[in-house]
Amino acid sequence: MEKLVITGGTPLKGEVTINGAKNAAVAILPAALLINGITTIENLPNISDVKLLCEIIEELGAKITWVGKNTITIDARNITSTRAPLELTRKFRASYYLIGALLGRCGDVQVGMPGGCKLGARPIDQHIKGFEALGAHVEVGQGNITATCKELVGTNIYMDIVSVGATINVMLASVLAKGTTIIDNPAKEPHIVDVANFLNTMGADVRGAGTDVIKINGVEKLEGNITYSVVPDQIEAGTFMLAAVASRGDLVIKNCTTKHLECISAKLLEIGAHVEELDGDTIHVWCDKRPSKANIKTLPYPGFPTDLQPQMGVVLATAEGTSIINESIWESRFQYTDELNKMGAKITAQGKTAIFEGVDSLYGAPVCATDLRAGAALIIAGICAEGTTEVYNLEHIDRGYENIEEKFRSIGANIKRVKEEDPNKNLVEMSE
Ligand code: UD1
């Protein structure tokens with residue numbers, strides 16, 4: 001078992017470079033199965049979700065070659081199976097994108113019921129509604145989803161709920177459909193636009209991604225060799241922005257798309273931190289005093305992202321005054337507050353609301369990452385706290401952040417990953 005050991009109390013200072021977006025990458029990899037050709041994907045985050053997806057894609061007959069730490073080629077000319085390994089696909093959420101991609105290319109697919117972070121109920125009714133509207137027959141049972149069709153035919157689909165996954169999945173299924181598909185009330189996150197750009201690079205005709213209506217004119221085939229670079233990760237960039245403020249530090253964050261960070265910058269300015277856009281892909285964030293309280297409501301893009309809510313919670317835990325966070329996307333996203341309370345925070349969470357009574361400082365404690373972003377929040381809390389924090393359940397964090405401890409170490413954090421060989425705390429160092 002591995003854990004992170006953090007000795008806190010040092011403000012973060014320096015420069016950090018952001019990787020490609022996890023949530024775009026996990027959709028672009030399945031999307032690459034739509035093309036009867038070879039795709040080179042650059043700026044791919046080297047994280048466990050991506051590696052798992054590559055393993056699944058290879059089981060389907062595509063050939064994956066890593067040509068660098070963050071670049072792969074996918075040769076999807078020969079798909080030999082449309083039945084994905086059920087145990088592997090059940091391990092994470094984004095395996096649902098294989099449904100849209102394989103339905104679109106082959107008219108047949110089976111995956112295990114998607115897993116992922118335990119953030120509350122995670123239904124996929126909007127995905128299924130979209131596939132059925134396009135003409136697919138979908139069956140859900142025994143922990144699996146099977147979808148088949150003779151052909152998919154474009155139609156109008158209204159999303160009752162703004163869903164990132166359903167929007168992307170319907171886009172994937174409809175690029176090769178007959179005729180035109182209109183998605184009304186789609187999600188508008190940066191990774192939606194990135195997936196649409198990727199599909200268009202392959203020869204698809206997707207218009208309006210990032211707006212209130214997406215129009216997909218089905219094309220007959222996607223062929224050829226293409227190269228695509230994944231958009232910078234909005235959530236990783238936001239994580240470092242919030243880490244700068246929580247630690248009263250000073251960070252220059254490079255390779256980010258500053259436009260995607262406006263919803264975070266606005267809140268940081270409101271609480272008294274400083275944000276300066278240096279150019280379109282570099283942002284400077286610093287904080288020289290205790291931030292003031294704020295009220296936050298998570299919303300679909302361009303609102304405040306739910307995936308940065310726990311990291312913002314750490315900032316508010318030591319802000320001046322009482323703050324309120326209202327989580328409008330996931331019902332179980334406040335599990336991290338119990339862990340922060342072990343570090344001296346004063347947070348009362350009930351249902352989708354949490355009240356943060358700002359305390360002067362946090363102290364170190366052993367804590368558990370309950371999900372991916374909760375894990376990032378606990379690392380930030382450990383960096384801010386007096387004394388030593390141990391963060392457990394690193395498999396959640398490794399799903400979505402590449403080299404997280406190296407990145408934090410490079411900007412001044414005292415953090416190391418250690419392997420606990422024996423439950424009686426006999427530690428063997430893995431990396432310094
Ligand atoms: C994606 C992100 C996740 C992020 C979330 C919201 C990926 C791989 N994951 O998750 O990190 O927290 O967007 O920004 O990109 N819903 C339904 N029916 C559906 C689909 C969704 O009711 O068919 C509800 C969900 O329960 C949730 C809300 O819609 O309350 C948003 O979910 P959605 O945008 O689909 O999230 P994911 O795509 O699973």
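Visitor: Which residues line the second largest cavity?
Guide: This is a predicted model, and the second largest cavity in it has a volume of about 30 Å³. Its lining is made up of Y96, I99, I124, H127, I128, F131, V138, I145 and N169.

Visitor: How many of the residues lining the second largest cavity are nonpolar, polar and charged?
Guide: The names in the lining include I99, F131 and V138, along with H127 and N169. Leu, Ile, Val, Phe and Tyr count as nonpolar, whereas Asp, Glu, Lys and Arg count as charged. The lining therefore divides into 7 nonpolar, 2 polar and no charged.

Visitor: Which element gives the most to the lining of the second largest cavity?
Guide: H127, I128 and F131 are in the lining, and these residues are also among the buried ones of α5. The buried residues of α5 pack against α4 (97–106), β7 (137–141), β9 (156–158) and α6. With 3 residues, the element that gives the most is α5.

Visitor: Which residue just after α5 takes a positive phi?
Guide: Helix α5 covers 125–133. Just after this helix, a positive phi of about 110° is found at G135.

Visitor: How many cavities of 30 Å³ or more does a search of the whole structure find, and what is the volume of the largest?
Guide: The search of the whole structure gives 2 cavities at that cut-off. For the largest cavity, the volume is about 70 Å³.

Visitor: Which elements give two or more residues to the lining of the largest cavity?
Guide: The largest cavity is lined by A21, K22, N23, P190, H191, V231, P232, D233, Q234, I235 and R373. Two or more of these residues come from each of α1, α7 (190–201) and α8.

Visitor: Why does N23 count as buried?
Guide: N23 sits in helix α1 (residues 22–31), and its side chain makes a polar contact of 2.7 Å with the side chain of K22. Buried means under 20% relative accessible area. N23 counts as buried because its relative accessibility is 18%.

Visitor: Leaving aside neighbours within four places in sequence, which residues is N23 in contact with?
Guide: D307 has a side-chain polar contact of 2.7 Å with R333. Beyond its sequence neighbours, N23 is in contact with H191 and D307.

Visitor: Is R333 buried or exposed?
Guide: R333 is found in the loop between β18 (322–326) and α11 (335–342). Its side chain joins that of T306 by a polar contact of 2.9 Å. The relative accessibility of R333 is 2%, so this residue counts as buried.

Visitor: Which residues lie nearest the centre of the largest pocket?
Guide: The largest pocket has a volume of about 1000 Å³. Its lining divides into 20 nonpolar, 11 polar and 12 charged residues, and at least three come from each of domain 1 and domain 2. Of the 43 lining residues, those nearest the centre are R122, V164, G165, I329 and W330.

Conventions:
Residues numbered from 1 in each chain as written. Predicted model: local features only at pLDDT ≥ 70, side-chain atom pairs only at ≥ 80, totals over all residues. Heavy atoms only, no water. Helix = DSSP H or I, 4+ residues; strand = E, 2+ residues; numbered from the N terminus. Buried < 20%, exposed > 50% of the residue type's maximum accessible area, 1.4 Å probe, protein only. Polar contact = N/O pair within 3.5 Å; in protein donor to acceptor, adjacent residues only side chain to side chain. Contact = heavy atoms within 4.5 Å. 1 Å grid on protein atoms, 1.4 Å probe; cavity = no way out; pocket = protein on both sides within 12 Å on 5 of 7 lines; lining within 4 Å. Points joined across faces, edges and corners; volume = space filled by probe spheres on them. Domains from an automatic or database assignment.
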